[in-house]
Structure formats: structure tokens, C-alpha cells
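Hello,

Here is the structure for your files.

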Amino acid sequence: MPTNMPDRFQVTKTDEETVLDYLQDESASGKLLGETLDDLQNDSRDVRNVEENQKSSIDPNLYLYDDDLETRPHISTFISSIANYENTIPAATDPDAKPPPPSARMGTLIGVFLPCIQNIFGVILFIRLTWVVGTAGAVCGFLIVLTCCCVTMLTAISMSAIATNGVVPAGGSYFMISRSLGPEFGGAVGMLFYTGTTLAAAMYIVGAVEIVLTYMAPWASIFGDFTKDAEAMYNNFRVYGSLLLCFMGLIVFLGVKFVNKFATVALACVIFSIIAVYIGIFDNIHGNEKLYLCVLGKRLLKDIPIENCTKEDPILVDMYCPDRKCDDYYLNNNVTKVKGIKGLASGVFYDNIMPSFLEKGQFISYGRNSVDIENIGSQSYNQIMADITTSFTLLIGIFFPSVTGIMAGSNRSGDLADAQKSIPIGTICAILTTSTVYLTSVLFFAGTVDNLLLRDKYGQSIGGKLVVANIAWPNQWVILIGSFLSTLGAGLQSLTGAPRLLQAIAKDEIIPFLAPFAKSSNRGEPVRALLLTIVICQCGILLGNVDLLAPLLSMFFLMCYGFVNLACAVQTLLRTPNWRPRFKFYHWSLSLIGLTLCISVMIMTSWYFALIAMGMAIVIYKYIEYRGAEKEWGDGIRGMALTAARYSLQRLEEGPPHTKNWRPQILVLSKLNENLLPKYRKIFSFATQLKAGKGLTICVSVIKGDHTKIANKAVDAKTTLRKYMTDEKVKGFCDVLVAQEIGEGLSSVIQTIGLGGMKPNTVIIGWPYSWRQEGRYSWKTFIQTVRTVAACHMALIVPKGINFYPESNHKIGGNIDIWWIVHDGGLLMLLPFLLKQHRTWRNCKLRIFTVAQIEDNSIQMKKDLKTFLYHLRIEADVEVVEMNNSDISAYTYERTLMMEQRNQMLRALGLNKKENSKVDTQNEEKRNSIQSDGAESTEASDLRTNKDESTEKPDVNIKSSAKPDEFNVRRMHTAIKLNEVIIEKSQDAQLVIMNLPGPPREVRAERESNYMEFLEVLTEGLEKVLMVRGGGREVITIYS
């Protein structure tokens, strides 16, 4: 340890002589000086001894932060308290019960990928995809699937950004949007998502009934032959769907465990069925002789055994030639047999390239010839007709439910071992997998199956068989049973999830009329929400048609996905400080493209269904926004703008902002020189870099004087201040205050600046570099400002070495080192992140250093700190510094002694001035009381005599202990030791950020001067330092 101190810390002989000369000249209070110094020293030591006993537990290496450690935790304490956080609300437990074993945390495969696969693959894949391919053709079918997959992929990218922006408790899109866009959007989207999930359950139930009645047990129809009457088929679906809904609702009510276990079976069925289809496609590469179609001319026929498929067959003759009068189309065309499964090698793909859209009532036939597709006669005989009018947009709406289900991973975020890693990877991989399956299925179906069979929606031409089931290997029952069980499982999952989502919305209390649905049964089940879900689901089942249900629920999912993209775009464009997604492969333009696609698909698919969904969202949004609130509208556009501004300010003032919305609203206190120019120009550029062009900045200067006399100077100073702000591109406001005292003026500014909720929460003040030279107690203004900022619960930033800070148009590289000693709300973590948003600091790397106390486990502390930074989405190198509890060096004692001697001399100067002023005042009062005859009072004469004697016999004694005060020594030891470590680790850093120790609680000149000396020692040898002190609230969070 070196023993020589820098010159600026030494008290020279010249300084001592100057002080002694002054004391001899001002000798009126010479005797009082020695006594007063003794008393003050004794009182000071008594107070310090008490404080030492109370704070003996403080680490000697951190004694400078002892006042902070009483109210703000040391980093090791803070990190250990949040290292093993829980991101879900703990359930009520029996205190006498044995603790349950820790729940297994799921990884990417089990927790995200497979649930997404199960939810994405659904009934549409098995009962509608072949029909979509046949109707739209290979090209348009491929575009339909690709469009739907692009919507979900872009939404998944946006969702991944939101989901990795902190810890997302279970709640899926509702939680993410409500916490990103507010309760109004969250409530609207939550209800849309709930409605879509409920209608999806209805679609799955109707699809399951269709599989059973149409392909497995057509004899179970209770309304006659549904192949000849579509209404009979829909009535069957309604009756059996209602019965199945009651059965499934009972299962959900009685046993959710069964639903969760059945999900595994359903997933296995889906995967095995898809594998069976792929095997069957390649097994039938040269076609299949088992399946033939009967075709009249170019029209597809039904209800005719393939062995009777000849023009002379009595069945066809009797049908087309009743009363000896034959149908013209029958007479002019032949009856032929066509192979249904032709195989990839047949070249049938070229026949399925072009679309074959039809209107309702037109015949399914080869080509677009009107003679073949138009029904000129009054009867359709056994020719298959289109049951709905088809178009490219309608098919998008029908197919889109096949790609929903991407939220399954985010809904389980509370059960994931690493949600921020698993959700993006699992969801995107699931979408890529399912998209690959869908896109290849389009091409394989178009290259394997005859066009007429592809367009036969219900398989009536092949005896009511499922087309995709007849492709599969080894036989159709694999697909029939697998599709039925998987559809049933998806329906059960929807009936299980929808009531819980509704209950979550009700518990948030943002929609008052949903309050009754927030209650649970004794078993914790949302019974009321389940009953409402069953009622809504029953309404969907009464539609009785998958082709009607699919576009309707597509609207609700598209609205939900659109809001997810909107949330990501808004957060990215606003650049809120809390927006730090760990998932980096996102961009606001991708989110806007996803939003545009969602809206476009909605309008193209069904504009009236889109209006229903949008109307529902707007009604819920307005209801949440204005419930209980009175609308206020001014006259004209300006009046409306003023009202909106006033309304916004009033809402901002309702309470402090949430931690996620906290951002530094900066108040820059700029010191002016004699020419009324800002002394430190770069303090403005630093404010610009910190805000990155965002948020509120107010720059204020204080001039000493009488406002009535120097008002013009204040105006000129404000103009200059505005010019500096413009040159440094500071977006905000400026003002100049004239006050009798600079300190009082700064205090008034800090307390009153701002309007309503738009008040600054962070103060930037320059370091008083010449605090030793600017006269007696020149540091008082700085320390008074620090105390005022703390009393107002505002954050404080003190840049030291501001002239060395980079310009805003420069780019620098290197390290930003953060020395995190005590936790004061996380501002130390947030500031470097905000600086890196600016181009000047963007290429810098963050390094975080923290000091381990004697009892700390440095290895575990480093691990916990890395975990904390991971959840904060902040990339930084971490190092835990172990400071040995070394003995206090002689250099520390010498430095402390010099500091105390300097304080004693300054105090002597102050006491002399004070005593002389007191004596002069007493003499003046006595002179005013002299009688008219000129006689003086005895007391006044004694005072003058005492003064003369004091002048003749000066008795000055500046006492300084040979051993410095232990209280100061320990603080100086902290400053020196920390400075040594910081110099060793961060000598070459572009910026060093550290905690600003709290000012002394006692308003005493000696303590305040020592405090400034400690800060000088702490930052000695560092070129650019940023000292930070939080405002007493959390400004950064690990949660989304």
C-alpha cells in the first residue's frame, strides 16, 4: 500500500499559516474556539461509539454503505431471495400435511412441442383437407395452407417475443395481451379467445359425430337416409352432438385427471394416424385396385355398386329413364369406371393443379364445362352436388382452425423448466412440423387421388367412406378410430381450458358481470364457468355443420392472433424499458405483417362473421374502458384534444406506474457559469443517450438573485438552455428559476416540477468538482439536493468526469462495468440497458461486478446472479469479487487524519466568523440604548474591554487528535479498498456505474465534508463514473 497521498488531499504549510493568521486577527472568540472544539469532538465521538455498536455487524469492506444496508439489501441477500422464485400463485395447503414432492418441470419436447402438435392437428385434417385440395387445386390449396401457416408463424414469432419478455404465468394470450396492451384489450381478447375455444369444442364434437355417423355407423341415423337429405344429416349431428356434449361435460366435471391422461392417448392417435397416411401414400404409389368411382359422362355418381356401373344396368336405367323418358345427359354420355386412388406415379397431379370452385347445387364433374356442372333438369338423380358455394377465401376460413392451437405451450409456462427457452423453440418447431405435414399432404393428396374423389366431401361415391382413411395403411379403421379419439380428446381439452380461462378473466374483475364465474367449487373446479361454456358450446352444436362452425371460430382466433401481433408491434415501437425479449428474431414489421394478414383473412373469409367478432371486441373494450366513468367531450377538435390530454393526465395521477411501465422521466439540473451558459454541455448529450429519443426530459437552471431585477437575464438563460437542448437533440422542455439561494431554488424545482402524472422521477445533477475551493461549505448545495431528491422518492444520477463522456454522434466500444453493491430497485441494471439502446453505446458489453461478504458463497452467488440476469433478459458477464477482511493500513489512517485536520481548520474559520458577528450584534444593540447625555452602560463597557483584552492576548488552540476517529477510518477503509478493486477490474472500462452511498443523516458540516471526501476517494483514478441512487421503488422486473 503506498503511503504518499495525492497533493490534493494534503494540507500544506501555507494553508495552516493562512488559517492561524486569520484566527489571530479574529481573536474575539479565541477562548471559545478551543472549548467549542473540545465539546464538539467529545459529542461526535459519543455519537459514533453508539453507532459503531449498532452497526458492528456490517462488513468492514462495505462500511461506507452502512446507512443504505439498513433499508436496502446487500446484493447477496437480494439475489438469494429471488433465486428460487415461483411464477404461479401457490395453492392453499394444509399446514399439518406432509410437504408434497417438488413438481417435475417439463422441457421443450414434453411441455411445448407435443402439446402444440396435439392442438394443431385436428379434425379438419382428416375430414376436410382432401376436399379443400380437390376444390382449390394443388396450387391454390398450397397457397391456402401456406397463408394460414404464415399467420400462425408470424403470430408465434410475436408471441415468443412477448413470452420471453419475462416470466409469463399460466394464462396464454389473455395474460400476455392484457399485460402488454392493458385490461381493455386484454379483456376483449380474453373473451374472444374464450369464445373461440368454446366454439372449437363444438366443432370437435360435431366433427366426431360426423366421423361416427358418416363413416363408421351410418345405420345409427334417426332422421332417415341423410345421404339424400342434408337437413337430416345436420339434425343427426345436432341430436348426437348434444348427447356427446353432455357426456363430455360430465367427464370434465367429475374428473379432470382423466382428461389429462386421455390427452396422451389422443396425441398418440394423431401421430400414428398421420404416419399411417404417409405410409399408405407410398404403399399405393402405383394406385389401388380396391377403390373405383362410377362416372356418368364427367359427373360423379353415388349410391351405385361398382359392379352395376354400366349404362345398361337396370338400376341406372330405372333411375334415369322413368316412364320410358330418359334424361338427356344420360342419353348423350357413357357410364365409366374410374380408379379412385391412382398413385403418385400416375401423373394425376397435373389433373389436380387447377381449382374447381362451384356454387351450391352444381354437379361435381371434370372440367368447367357448363353442360357438365349445371343442373338444367328438375332432378339430380344420384349425381353428387356441391352442398355449399366454394371460393378461395371460404376455404381459408374452413381450413384455418387446423393451424390454431399454437398457444398450448404458453398456457403451460408455469410448468416449464425454462419457459423463455422452451416456448419459442417448441412453438416454432411445432408450427414448422405441422406446416410441413400440411403442405406435403396437399401435394401428396393432389398426386395420389382422382379429382372427383377429392371433391367428394362425404365419400358418397365410394359408399360413405372417408377418403383419407382409404389412403392409409394398413386399412381405413386406423384413421377412423384414430381421428375419432383425437377429435374427442381435443374437444375435452377445449371444454377443460375454456372454463378456466373464463374464470381467470372473472377473477381479474375487469368485466363486472362475469363476477359470479370467478367462484370455484369445493374441489376447486370452475363449475359455473363450465355450465356457461356448455351452454355456448350447445349453441354452436345447433348449427350442426362443421363448414359453418369453422369460419366462425376462425374469426375469434384470428382476432386473438391479430392482437398478439399488435401487442408485439406496439411494445417494439414504443421501446419501453421493460421490453427486453430474450427471443431476438422478431421485428415490428413482421408483427404488422401478421396483423395485416389476420385482418385480411378475416374480411376475405366472411365479412359478416368478421364484423360480429370485431363488434364483440369493441363492445367489450368500451365496456371495460368506460364502466363507471363519465365521458367528457369538448367543443371542436382542439377541445377534444385538450380533454383527452386532461383525461390522460388524470389517469396517470391515479397511482404510481407499474414496474413494467416505469421509465426514467429525467430532470436535468444544469449549472450556469458567469455568462449564464451551461457549464457542462455534455450533460445534455448524456440525457439524450439515456433516453434514446424517448420519454420526457426537463432541463432546469437556477440563478441567484431577485427575479424582479434580473428577469431579462432569466429569459436569456432560458433561450440559451433551449439552444443547447436543440443542439444535443434533447426532446423535452426547459426553464430557469431565479431564487435568493441556489439550494432553496433547486429544492423548489425538484418538489414542484412536472404536471400531474408527468412528473420527473429521475434527477441528473453534475458532480461539484471544485467543492474544496469554492469557499466555506460549498458542498452543502450538492448534499442538500441529494437529500431533497431522496425525500421526494426520486432516483438520482451523478455523472463524474462528464467532459470525458462521448458525444451523441460517436460510437464507442468496450465495456460498461456495473458495480452492484446494494439493491436499490434495479436502476443500476436498467440504466446500462437504456444506454445501449443508443447508437453511441450499442457496441459496448456489460459486465456486472458485485462484492461478496465474508459469509457469502461466491460460487452460488454468481450462479444466482446469472439466473437473475437471464430472467431479466439482460446479457452481461458476471463476476463476484471477494474482498479479504484485511487490516486497516497506515495509508488509510494518514488519509483520514488529513481529512479531519482540514475539517478542523474550516470549522475554526467558521466559528471565528460566527462569534465575531455575535459580539458585533450585541455591541450594536447596546449602542442603540445609550442615554441622551452620552453615558454608556456598564455592560457595554465590559464587552469592549473583554474584546480589547482578547486582542492583546490571543489564545488559539486547534486540537487534532494524533489518532483519527475510528468512524471515519472505517469509511475511508471501504472507499480505498473498493477503489483499489474497481481500478484493478475496470481501469479500461468506457463507463463505470456504481451505487451512490447515502448522505449522512446528521446535518453537520464535518460529516458532510467527510462524505464528499469519501466519494472522491471511491472514484479516484476513474475517468468516467456514473453514481446512481434509486428512488426507493422497483424499476425492473423478471415478469412479463
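Which handedness does the link of C321 and C326 have? The link is right-handed, with 110° about the S-S bond.

Some ground rules. This is a predicted model, where local features need pLDDT of at least 70, side-chain atom pairs count only at pLDDT 80 or more, and totals for chains, interfaces and linings use all residues. Residues are numbered from 1 along each chain as its sequence is written, and side-chain values use heavy atoms, with hydrogens and water left out.

Searching the whole structure gives two disulfides (a disulfide is a pair of cysteine sulfur atoms within 2.5 Å). With the bonded cysteines numbered in sequence order, they pair 1-2, 3-4.

C294 and C309 form one of them, S to S 2.1 Å. The torsion about their S-S bond is about 95°, so this disulfide is right-handed. The pair links distant parts of the chain, 15 residues apart. C294 sits in strand β1 (residues 288–296), and C309 in the loop between β2 (299–300) and α12 (314–320). Helices (H or I, at least four residues) and strands (E, at least two) are DSSP runs, numbered from the N terminus.

C294 is buried at 2% relative accessible area, and C309 is buried at 3%. Buried means under 20% relative accessible area, exposed over 50%, partly exposed in between (1.4 Å probe, protein chains only).

C321 and C326 form a disulfide too, with sulfur atoms 1.8 Å apart. C321 is buried at 13%, while C326 is partly exposed at 24%.

Two further cysteines: C140 is buried, at 18% relative accessibility. C429 is partly exposed, at 34%.

Best regards
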